[in-house]
Amino acid sequence: MKDLVLKIDEIYVPTARRKTVDEAKVAEIAESMLEDGQKTPIMVRDDGKRLILVEGLQRIEAAKTLGEETIVGIKVQARRR
């Protein structure tokens with residue numbers, strides 16, 4: 001898997017996931033991003049219509065807080081049930 005530069009506004013965050021935003025953690029990550037850049041890519045999956053956030057909610061919110069339009073991420077396969 002290689003890192004991709006993804007447009008933040010093209011990533012769908014499921015409603016249930018949005019409720020788990022930790023503002024203190026977002027602020028901490030935003031500060032770290034300012035000092036050291038993004039250390040860990042987010043994970044998204046492609047459902048054929050859009051990119052859906054799998055992992056990295058706090059990182060994507062931190063990037064939004066900093067006014068970023070893109071974020072580094074990787075595409076992963078959806079789990080089969």
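Because the model is predicted, local features need pLDDT of at least 70 and side-chain atom pairs count only at pLDDT 80 or more, while totals for chains, interfaces and linings use all residues. Residues are numbered from 1 along each chain as its sequence is written, and side-chain values use heavy atoms, with hydrogens and water left out.

Reader: Is Glu69 buried or exposed?
Author: Buried means under 20% relative accessible area, exposed means over 50%, and partly exposed lies in between, with a 1.4 Å probe and protein chains only. Since the relative accessible area of Glu69 is 65%, the residue is exposed.

Reader: Leaving aside neighbours within four places in sequence, with which residues is Glu69 in contact?
Author: Contact means heavy atoms within 4.5 Å. Once the neighbours within four places in sequence are left aside, the residues in contact with Glu69 are Leu6, Lys7 and Ile8.

Reader: In E5, which residue is the bridge partner of Leu6?
Author: Two strands pair if DSSP finds at least two bridges between them. Strand E1 (residues 4-7) and E5 run antiparallel and are joined by four bridges. Within E5, the bridge partner of Leu6 is Ile71.

Reader: Which residue in E5 stands opposite Ile42?
Author: E5 also pairs with strand E3 (residues 42-46), in the parallel sense and over three bridges. The residue of E5 that stands opposite Ile42 is Gly73.

Reader: How many of the nine residues of H3 are buried?
Author: H3 is mostly covered, and its buried residues are Leu57, Gln58, Arg59, Ile60, Glu61, Ala62 and Ala63. These buried residues pack against several elements, including helix H2 (23-36), strand E4 (51-55) and E5. Of the nine residues of H3, the number buried is seven.

Reader: In the hairpin of E3 and E4, which residue takes a positive phi near 95 degrees?
Author: E3 and E4 run antiparallel and are joined by four bridges, with Val44 standing opposite Leu53 in E4. The hairpin that they form has four residues between the strands, and the residue with a positive phi near 95 degrees is Gly48.

Note on methods. Helices (H or I, at least four residues) and strands (E, at least two) are DSSP runs, numbered from the N terminus.
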